[in-house]
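Work through the exercises below with the sequence and the model open beside you. Try each task before you read its solution.

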Amino acid sequence: MGRMVMRGALAVLLCLVLILIAAWAAQRRLIYFPDRARPPLPAGAREVTLRAADGLRLTAWLFPPPSGTPERAMSVLVLPGNGGNRAGRVPLAAALTARGLTVLLLDYRGYGGNPGDPSETGLALDADAARAYLTEIGHPILYYGESLGAAVATALATRHPPAGLLLRSPFTELAAAGSAHYPFLPVGLLLRDRFPVTALISRVTAPTAVVYGTADRVVPAEQSRAVAEAAANLTHLAVVDGADHNDRVLLDGPQLIAAVAALTG
């Protein structure tokens, strides 16, 4: 009987080890959900090429203010979340350019027809390349980070301080967000990509806005609230009652555009 129990315990342990190995190997497929297709260029956009420090060339879309709209001499760098591609953020670009802002919609490596595969290090290089492109325009830059992009934007802000930082539905760190979805896995031990936010946001002195929904099923609302509480220079907080993570109101809704206005004047 003792040997049978021991064998059973060893079999269970082996199964757990195999599950952890599989989770570690496949983790980036559980983090990044790119639409790899190259989307067609929309009206009002200009296709531009960004050059990352590791040699990758990335395609992005630059949206100037529409003809007849007074230019605000401010650029917005949109750092997207972990799904889709830049085509899904066109309504946001339209809403911001209508306010006279210049908008760069970035797609990370592996997204929207771009070469490579996403990782924390790679996304940082992509963000640096996008910021470098916008500096050539000469306007102050607002970083807009959506979900996972909020972590990318926060890290970018510690390297290159912006004129303002807007975080939409940020998590405290990727491990915390992952644990909310995979509570049966030791997410913190397995992750190669960490994406800290609260550990960095206290070092960001730029005016900061946080926007999140109370019904978010992807990033728990309490995590976004914790990011707001940790911010060194929080100047605007918008809590959208009943909004889920991918609801249209959190793409180009009035509360979100008001947060941009609070940072851009």
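This is a predicted model: local features need pLDDT of at least 70, side-chain atom pairs count only at pLDDT 80 or more; totals for chains, interfaces and linings use all residues.

Residues are numbered from 1 along each chain as its sequence is written, and side-chain values use heavy atoms, with hydrogens and water left out.

**Exercise 1.** Find the buried residues of helix 8 and say where they lie around the helix.

*Solution.* Begin with the terms: helices (H or I, at least four residues) and strands (E, at least two) are DSSP runs, numbered from the N terminus, and buried means under 20% relative accessible area, exposed over 50%, and partly exposed in between, with a 1.4 Å probe and protein chains only. In helix 8, which covers residues 221-230, the buried residues are Ala221, Gln223, Ser224, Val227 and Ala228. Seen down the axis of helix 8, these residues fall within an arc of 165 degrees, so they line one face of the helix; the arc is that of the directions from the helix axis to the C-beta atoms. Finally, the elements that cover them include strand 8 (164-168), helix 5 (174-181) and strand 10 (234-240).

**Exercise 2.** Decide whether Asn85 is buried or exposed, and list what surrounds Asn85.

*Solution.* First locate Asn85, which sits in the loop between strand 5 (83-84) and helix 2 (90-97). Its relative accessibility is 7%, and therefore Asn85 counts as buried. Next look for contacts, meaning heavy atoms within 4.5 Å: not counting residues up to four places away in sequence, Asn85 touches Asp35, Ala37, Pro39, Asp107 and Gly112. The side chain of Asn85 also reaches the backbone oxygen of Ala37 at 3.3 Å.

**Exercise 3.** Place His160 in the chain and classify its accessibility.

*Solution.* His160 belongs to the loop between helix 4 (148-159) and strand 8. Because its relative accessibility is 25%, His160 counts as partly exposed. Leaving aside neighbours within four places in sequence, His160 is in contact with Asp128, Arg131 and Tyr143. The C-alpha atoms of His160 and Val204 are separated by 9.8 Å, although these residues are 44 residues apart along the chain.

**Exercise 4.** Which residues are the closest to the centre of the largest pocket?

*Solution.* Of the 32 residues that line the largest pocket, the closest to its centre are Leu30, Ile31, Phe33, Asn82 and Val218.

Note on methods
On a 1 Å grid over the protein atoms alone, a cavity is a set of points where a 1.4 Å probe fits but cannot get out, and a pocket is an open set with protein on both sides within 12 Å along at least five of seven lines; lining residues have an atom within 4 Å of a point. A polar contact is a pair of N or O atoms within 3.5 Å; within protein, one must be able to donate a hydrogen and the other to accept it, and residues adjacent in sequence count only if both atoms are side-chain atoms.
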